[in-house]
Amino acid sequence: IRVMGNEIVELPARSLPKHRRNIGMIFQDPMTSLNPTIKVGKQIMEGILIHKKVTKEEAKQKAVEMLRKVGIPKPEERFHQYPHEFSGGMRQRAVIAIALSCEPDLLICDEPTTALDVTIQAQILDLINELKKELNIAVILITHDLGVVAETADRVVVMYAGEKLEEAPVRELFKNPKHPYTWGLLKSLPRLDMKIGEKLASIPGTPPDLLKPPVGDPFAARSEYAMKIDYERKPPMIDLGNGHLVKSWLYVDGAPKIKSPFESEESDKLRNEGMEGK
């Protein structure tokens with residue numbers, strides 16, 4: 001795990017605190033991210049007091065400022081309230097305030113809108129985008145929602161069974177997907193032109209058991225494009241140019257020519273629907 005050029009896994013424990021303050025984390029469920037027995041303001045102050053050389057009064061002022069920055073009204077009053085007195089969206093805003101309180105260079109968002117309703121989801125994503133630009137920080141957004149990917153990401157890494165299978169700029173990935181798993185994900189998206197009663201496409205099979213990981217391509221057992229070599233050896237990461245990488249035997253020299261299911265005019269139209277206006 002490399003952050004700002006430092007290999008985190010190999011660092012001694014005494015060196016970790018100074019690196020932790022450079023990384024903020026937002027989790028899926030804000031209710032379980034916050035301690036229900038401690039007031040929200042004190043939870044924001046905790047990291048500031050640990051990582052910054054400030055007094056308690058300065059840490060309190062910073063915590064109130066962070067509550068205001070993430071859009072919580074009357075932050076001076078909210079500072080003294082408990083998590084159960086906040087709505088779901090406000091709790092997630094408080095978690096964002098905690099994550100950003102030490103001014104990190106990197107913010108990791110692990111499905112930050114999963115536990116929220118759709119309207120609040122949009123507000124939280126807009127807030128993260130605004131803070132990313134305002135604070136000039138990098139954001140890693142972990143999500144299963146391809147609509148969120150299209151709306152917020154600059155660059156996308158498609159992962160399966162703990163492995164990176166494809167990586168590309170967001171528009172390139174939606175316009176020209178290359179890995180069979182990415183094809184399956186995009187085909188499973190709901191479409192505006194679907195007929196009443198038409199079923200969504202799905203990926204057959206189940207994910208592999210990671211206690212006994214597959215020898216070759218982890219997606220091979222679920223892919224209609226799998227070849228014999230996919231069950232025997234890990235595929236190489238192929239550089240397709242324009243920042244597009246794919247881990248598949250389909251793109252090595254001598255591989256059979258496979259036509260992407262997204263190469264037809266109709267499929268191209270449907271796939272780009274998710275990118276309309278992005």
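Strands E3 and E4 (residues 106-110) pair in the parallel sense over four bridges; pairing requires at least two bridges found by DSSP between two strands. Gly-24 stands opposite Leu-107 in E4. The model is predicted: local features need pLDDT of at least 70, side-chain atom pairs count only at pLDDT 80 or more, and totals for chains, interfaces and linings use all residues. Residues are numbered from 1 along each chain as its sequence is written, and side-chain values use heavy atoms, with hydrogens and water left out.

The pair belongs to an open sheet of three strands in the order E3-E4-E5, with parallel pairing. E3 (23-26) and E5 (138-142) are the edge strands, each with a single partner, so one side of each has no neighbour in the sheet. From one strand to the next the twist averages 15°. Helix H6 packs on the sheet and touches E3 and E4, where contact means heavy atoms within 4.5 Å. The direction of H6 makes about 165° with that of E3; angles run from 0 to 180 degrees between N-to-C directions, and axes are lines fitted to C-alpha atoms, for helices over the stretch in contact.

Helices (H or I) are DSSP runs of at least four residues and strands (E) of at least two, numbered from the N terminus. A nonpolar core joins buried Ala, Val, Leu, Ile, Met, Phe, Trp, Tyr and Cys residues through side-chain atoms within 4.5 Å, buried being under 20% relative accessible area with a 1.4 Å probe, protein chains only.

| Nonpolar core | Size | Residues, among them |
|---|---|---|
| Largest | 30 residues | Ile-26, Ile-44, Val-70, Leu-107 |
| Second, separate | 20 residues | Tyr-160, Ala-168, Trp-183, Leu-186 |

Methods
Buried means under 20% relative accessible area, exposed over 50%, partly exposed in between (1.4 Å probe, protein chains only).
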